[in-house]
Number of protein chains: 6
Amino acid sequence: MRILVLNPNMTDAVTQMLLAAARPAAAVGTELTGLTAARGVPYIASRSEAQIAGAITLEMLAEHHRDYDAVVLAAFGDPGLLPARELFDIPIIGMAEAAMLTACTLGQRFGIVTFTTTMGNWYQDTVDTYRLGARCAGIRARSLAFSSIENVQAEREQAIAELSREAVEIDGADVVILGGAPLAGMAGRLRAQVPVPIVDPIVAAVKMAETLVTLAPRKAQAGTFSRPPAKPTHGLAAPLAARIEHLDENRVALAPAAQ
Amino acid sequence: MRILVLNPNMTDAVTQMLLAAARPAAAVGTELTGLTAARGVPYIASRSEAQIAGAITLEMLAEHHRDYDAVVLAAFGDPGLLPARELFDIPIIGMAEAAMLTACTLGQRFGIVTFTTTMGNWYQDTVDTYRLGARCAGIRARSLAFSSIENVQAEREQAIAELSREAVEIDGADVVILGGAPLAGMAGRLRAQVPVPIVDPIVAAVKMAETLVTLAPRKAQAGTFSRPPAKPTHGLAAPLAARIEHLDENRVALAPAAQ
Amino acid sequence: MRILVLNPNMTDAVTQMLLAAARPAAAVGTELTGLTAARGVPYIASRSEAQIAGAITLEMLAEHHRDYDAVVLAAFGDPGLLPARELFDIPIIGMAEAAMLTACTLGQRFGIVTFTTTMGNWYQDTVDTYRLGARCAGIRARSLAFSSIENVQAEREQAIAELSREAVEIDGADVVILGGAPLAGMAGRLRAQVPVPIVDPIVAAVKMAETLVTLAPRKAQAGTFSRPPAKPTHGLAAPLAARIEHLDENRVALAPAAQ
Amino acid sequence: MRILVLNPNMTDAVTQMLLAAARPAAAVGTELTGLTAARGVPYIASRSEAQIAGAITLEMLAEHHRDYDAVVLAAFGDPGLLPARELFDIPIIGMAEAAMLTACTLGQRFGIVTFTTTMGNWYQDTVDTYRLGARCAGIRARSLAFSSIENVQAEREQAIAELSREAVEIDGADVVILGGAPLAGMAGRLRAQVPVPIVDPIVAAVKMAETLVTLAPRKAQAGTFSRPPAKPTHGLAAPLAARIEHLDENRVALAPAAQ
Amino acid sequence: MRILVLNPNMTDAVTQMLLAAARPAAAVGTELTGLTAARGVPYIASRSEAQIAGAITLEMLAEHHRDYDAVVLAAFGDPGLLPARELFDIPIIGMAEAAMLTACTLGQRFGIVTFTTTMGNWYQDTVDTYRLGARCAGIRARSLAFSSIENVQAEREQAIAELSREAVEIDGADVVILGGAPLAGMAGRLRAQVPVPIVDPIVAAVKMAETLVTLAPRKAQAGTFSRPPAKPTHGLAAPLAARIEHLDENRVALAPAAQ
Amino acid sequence: MRILVLNPNMTDAVTQMLLAAARPAAAVGTELTGLTAARGVPYIASRSEAQIAGAITLEMLAEHHRDYDAVVLAAFGDPGLLPARELFDIPIIGMAEAAMLTACTLGQRFGIVTFTTTMGNWYQDTVDTYRLGARCAGIRARSLAFSSIENVQAEREQAIAELSREAVEIDGADVVILGGAPLAGMAGRLRAQVPVPIVDPIVAAVKMAETLVTLAPRKAQAGTFSRPPAKPTHGLAAPLAARIEHLDENRVALAPAAQ
């Protein structure tokens with residue numbers, strides 16, 4: 001199966017880190033492709049950046065969704081996830097969502113740790129959106145200095161380990177989630193330093209994408225994720241406009257049957 | 001005080017309806033200015049359209065926020081509201097938010113009625129985001145046909161009245177909110193047909209904007225709506241880029257002190 | 001419009017403080033009248049005092065409601081608010097309610113600070129009654145000494161500022177509400193000392209009253225705030241008895257039509 | 001032990017019905033005394049009547065509390081319960097509260113049935129106050145006609161049985177609570193007509209009062225039900241004024257030690 | 001009335017402590033009989049031990065339920081309570097459940113203290129099962145050393161008192177529950193050391209059992225505690241097998257009518 | 001990786017159905033082994049049966065856990081899941097849990113359908129235990145007749161499809177979960193008859209087990225799923241006794257290091 005790892009951040013080095021963490025976890029037959037945003041910000045770290053990145057995510061999906069069986073939205077916080085799920089037909093998984101749902105099997109309450117306080121505020125919205133507040137022990141966010149975003153985990157391992165232990169000891173977390181794409185692949189190195197299981201969101205997300213492709217769910221024709229009716233647009237990126245206007249559907253109708 | 005009524009939809013006729021409903025409600029000294037989105041969709045009616053419109057809202061705000069004391073985000077569902085509140089310094093009010101909070105003073109549980117089922121799904125997210133689910137009796141959405149968006153209320157008055165009565169009789173709503181900008185100004189005509197108070201969101205929003213300007217709250221320097229640190233951007237509309245990069249702040253620093 | 005600022009406390013000096021804080025906030029055309037309780041306690045500070053004060057509030061309303069377009073119930077904690085809303089036809093707003101609802105537009109979670117622990121317990125009930133617990137970061141109450149109730153803010157400004165900062169730093173409040181009528185008008189002086197917006201409840205309440213008068217909601221004929229059927233009474237204050245017995249309605253029926 | 005059955009309604013016939021239902025349930029050694037309100041309304045059936053009755057309850061308690069080991073507040077809806085618990089030292093139990101807590105041992109979700117819709121609204125507040133909403137399947141209220149309040153159960157047995165069955169079949173109640181003092185003693189007659197357990201609130205309340213007297217809890221010196229500090233009063237009934245002003249305490253201090 | 005105090009722990013000394021604490025609290029005419037588990041663990045202190053003990057509880061009940069009017073399940077945490085309530089016809093009360101429900105009449109929020117951290121985890125599940133989280137200030141568990149389980153209270157009185165005070169001062173508990181059967185009878189000795197009421201769960205449970213026998217509820221024929229249909233079994237203890245297979249019912253059908 | 005599909009029911013035909021549904025979903029390299037309970041009931045369908053089956057699950061796990069990398073607890077309702085997670089070191093997944101968590105990625109609210117009302121009651125407890133009530137649209141349970149448990153899906157396909165459609169149309173479910181092991185493998189056949197995605201719990205559970213083995217979480221040394229201290233036992237199955245007494249750990253200590 002073909003899974004797109006869509007990074008709505010502009011930093012390709014982070015996309016490569018995500019792929020490096022994800023590939024060993026993928027099942028035989030799973031093919032992972034990375035895609036990095038061509039516009040936006042180097043690293044999404046606030047609600048306003050996530051609002052913009054979510055719109056960019058829809059643009060990227062509109063251009064690429066027909067080439068994949070599922071998509072991993074590879075920014076913790078999942079910008080654009082619910083809108084994408086409504087607009088497109090294939091399974092789309094968020095890293096934050098997959099990490100939280102998976103963490104629920106490893107503890108009664110998960111803690112999330114991350115490296116800027118602004119991200120912590122945004123992540124709290126994410127927990128609430130998924131109505132998982134009763135399973136969340138808290139979010140530990142501290143604004144840590146780093147030379148560049150792809151170096152956070154190398155430079156701040158000790159601080160991340162400390163935040164993780166505080167999540168356990170102070171907040172009562174039974175399991176820790178490393179929030180933020182730049183922490184991908186770090187869970188193993190922290191294993192001996194934190195007394196509870198640690199979830200690496202990109203691994204959880206890729207496995208959840210595999211699960212959904214295996215379940216092969218039909219596109220909802222009813223309920224909250226059924227596709228909105230066609231709508232005219234103006235000034236949007238062409239593939240996204242076509243998707244919203246249901247033009248791509250017409251085009252596909254000429255081609256051999258899909259889905 | 002100067003209040004911007006920012007309509008992230010592209011239909012100027014709806015902006016005019018909003019202003020027509022709002023002006024009689026405004027206090028002496030309140031000056032209302034309408035602004036209609038130059039790109040996007042004629043009428044936002046789904047989560048995906050709201051994701052895009054929310055980003056467009058930030059673009060519009062970045063260009064215009066310095067000319068106003070407060071902004072009413074004039075699409076029920078409030079696309080981009082929390083991100084905007086984080087990114088800008090002046091009070092920004094959503095129509096859905098203001099309508100729900102005001103309705104809380106008129107009943108223990110409010111009902112929302114609207115004219116497409118897709119909007120109902122999106123509005124449910126909005127109720128949850130504001131954690132007002134315990135005050136919401138339900139959302140009554142039915143996909144009603146209409147000739148053009150600015151004619152919904154004229155053509156479907158009877159159906160909207162019927163949905164409102166169902167909200168009271170079946171869902172137990174103590175107060176009804178007319179969801180969707182195209183229903184602006186309709187509350188008065190329904191008054192005799194519905195046995196509970198009706199809230200017109202644009203009126204609630206303009207009054208809440210006046211309230212906040214009067215309170216003159218300082219911009220948060222702590223907590224969830226403090227401004228994110230400066231961040232480089234690429235490929236964004238220039239004023240929005242400047243705001244995210246804190247360039248507009250520098251520019252202002254040359255001028256006489258603001259705030 | 002005529003708004004009654006009904007103080008169910010017996011301290012007229014506090015009523016004057018409330019009016020002094022409210023008047024600059026009122027819109028052109030809003031006329032504020034103060035009314036101080038003639039019996040009860042100098043300052044309501046517990047559930048039992050609030051139970052009694054709520055009954056006195058109903059007596060005061062029964063006597064005066066026909067002369068006003070709306071009422072602000074000017075004791076934080078809102079004694080008698082829901083009963084009053086059921087029994088009378090005009091909009092009635094509580095200071096605590098208006099402050100919390102307004103604070104919801106300035107932060108995800110509000111903190112309340114006050115100057116006696118007993119009041120804190122009562123305020124917690126109030127938060128729960130409005131089902132706003134998910135928006136409340138906490139209540140910071142400390143029993144502060146003061147010479148007389150109208151001097152609390154002058155004498156204890158530093159302690160109130162400190163409690164406000166603790167609400168932000170320890171509880172995670174995004175916005176602070178100054179709980180208790182004797183703190184009316186204090187928000188401005190604390191502005192520089194607290195890093196988040198501060199809500200002055202009397203200002204929020206007067207503006208919300210203006211909003212409701214502008215919306216001109218009909219009296220509910222269904223739902224939770226419809227008027228109870230007539231009931232005989234014994235031993236109650238005459239105007240309140242008349243209201244409960246629906247006698248004032250009969251009397252009004254002889255006069256030219258009201259509302 | 002001496003238990004006061006305090007009926008804040010003015011209808012002595014209802015007090016007698018309550019005692020008649022309670023006496024067979026009382027343990028050996030429990031002495032029940034009835035007390036009927038001397039002012040107020042014949043039967044409390046709304047929030048506004050409950051506000052007034054709650055204040056009258058405090059007056060009655062101030063006069064009589066020293067002669068009893070515990071008090072049953074014998075109006076379903078429990079007017080004045082939390083204030084009373086704060087102000088007095090002996091255990092005070094509400095009929096609604098005791099019925100709900102007891103019902104929790106007989107089903108996962110209880111239903112409440114009652115005979116006026118206005119009472120249903122008030123009872124909903126009561127469920128919320130006790131934060132038992134997650135245990136409540138719903139409140140079934142229908143405004144039934146009756147000749148006088150003490151005849152409701154005789155005249156409307158069939159309608160009450162029907163509401164009870166609807167609570168089970170439609171709302172999913174596992175256990176039914178008969179809400180309203182005039183239904184005291186009716187549970188036995190409905191037993192064969194309703195397929196789940198039925199709770200008679202006065203029985204539950206008297207037994208809970210016995211439980212608390214047996215536990216002999218100390219008066220809280222901390223937390224939400226510790227006694228408020230002394231406060232001057234004006235225009236209140238003398239015994240209540242003395243209690244609030246801590247004058248009765250002084251008086252007692254002259255007598256041999258109590259409590 | 002005959003009440004079985006069923007201790008699913010194997011330590012008979014604890015059963016005797018429970019009876020000693022319960023007997024003075026029982027009403028005239030209440031006969032308490034103790035029963036100690038013949039297999040399992042000396043003292044249940046974790047979820048896994050509770051899973052096993054709950055099955056043993058069902059075995060014990062199947063053998064003895066016909067000889068009693070009600071059963072107190074005398075292990076805090078209530079192993080097997082909901083299953084038992086479904087399978088048997090007489091009232092069955094859990095110590096944790098009765099303690100929490102009773103505590104709700106003594107404070108807005110209760111705290112639970114106990115002497116091993118593993119028990120604290122299990123108790124949290126219990127609070128959640130009863131959906132009483134909104135009434136729970138927290139669980140204070142510390143793993144205290146002791147010579148044998150029946151000596152915990154004698155040896156660790158000071159530590160238990162300290163935990164109780166922390167529940168009040170740090171967690172904000174209004175009332176304290178002593179969690180764990182080995183603390184039965186200890187409440188009186190702590191009374192002077194803790195500033196809020198203390199609930200002894202065995203007392204609360206015996207009184208609640210008396211309440212239910214007095215209410216004489218019918219066995220549910222609908223809802224969540226109606227008896228499951230007959231089912232074949234293999235390898236279960238004979239009386240339990242007979243109960244599940246509805247064989248005991250057949251046997252009873254030959255005897256004079258029961259219930 | 002080796003995954004044990006542990007069926008705590010005694011019907012081997014159901015185990016085979018589970019394996020048949022699971023095997024096509026398993027990744028390359030995943031080896032699934034079935035295990036059917038040797039005692040208990042043919043099919044668990046109530047809380048009391050689940051209590052017993054949960055204890056039997058622990059016995060089965062104690063005997064077999066060292067031979068597997070993870071366990072799927074293959075009875076919807078997950079009897080013994082949380083206790084097992086505490087007592088053993090490898091990942092253990094429940095079918096109900098995995099189905100619900102996976103369904104959360106396909107809709108905002110899931111519906112569960114099943115074929116006996118008693119199971120519906122038990123499943124509701126399960127939803128609550130996982131604190132996923134806010135994501136659950138409802139449980140649709142109807143007691144359907146069938147010749148034998150392994151024939152339910154063949155004989156009652158139409159009724160299950162109808163319940164599924166009711167879950168969507170009446171309850172508002174966005175995704176449907178087929179509750180109960182005997183419905184394993186049925187999702188595909190219902191696909192065209194139900195307008196939303198359908199989750200087959202055994203597929204979700206096997207994929208989640210693969211996910212957890214891939215994540216390779218450490219055994220918790222802190223928090224709610226750390227292993228309870230050693231405890232003596234009496235009368236339990238030998239391997240379970242050894243696990244609780246930490247004897248198997250000692251035995252392992254003599255062998256070459258494990259985990």
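Modeller: Start with burial. A residue is buried if 20 or more other C-beta atoms lie within 10 Å of its own. Keep in mind that this is a predicted model.

Biologist: Which residues in α4(B) are buried?

Modeller: They are Met95(B), Ala96(B), Glu97(B), Ala98(B), Ala99(B), Met100(B), Leu101(B), Thr102(B) and Ala103(B). That is nine of the nine residues in α4(B), so by the definition of burial the helix is mostly covered.

Biologist: How do I read a contact between chains?

Modeller: Two residues are in contact if their C-beta atoms lie within 7 Å. Take chain B and chain C. Each side is counted on its own: 43 residues from chain B and 43 residues from chain C.

Biologist: Which elements give two or more residues to the side of chain B that touches chain C?

Modeller: α4 (95-103) and α9 (201-215) of chain B. The largest share, nine residues, comes from α9(B). By class, this side of chain B has 24 nonpolar, ten polar and nine charged residues.

Biologist: Which chains do not touch?

Modeller: Chain B and chain E are one such pair, with their nearest C-alpha atoms 15 Å apart. Chain D and chain F have no contact either; there the closest C-alpha atoms lie 9 Å apart.

Biologist: And inside one chain?

Modeller: Look at domains. Chain A is divided into domain 1 (2-95 + 206-254) and domain 2 (97-200). Their centres, taken over C-alpha atoms, are 23 Å apart.

Biologist: How many residues of domain 1 of chain A are in contact with domain 2 of chain A?

Modeller: 25, and they meet 19 residues of domain 2. On the domain 1 side, α1(A) gives the largest share, six residues.

Definitions and conventions. Residues are numbered from 1 along each chain as its sequence is written. Chains are lettered from A and ligands numbered from 1 in the order in which they are written. This is a predicted model: local features need pLDDT of at least 70, side-chain atom pairs count only at pLDDT 80 or more; totals for chains, interfaces and linings use all residues. Helices (H or I, at least four residues) and strands (E, at least two) are DSSP runs, numbered from the N terminus. Ala, Val, Leu, Ile, Met, Phe, Trp, Tyr, Cys and Pro count as nonpolar, Asp, Glu, Lys and Arg as charged, and the others, Gly among them, as polar. A residue is buried if 20 or more other C-beta atoms lie within 10 Å of its own, exposed if 12 or fewer, and partly exposed in between; C-beta atoms are placed from the backbone. Domain bounds come from an automatic or database domain assignment.
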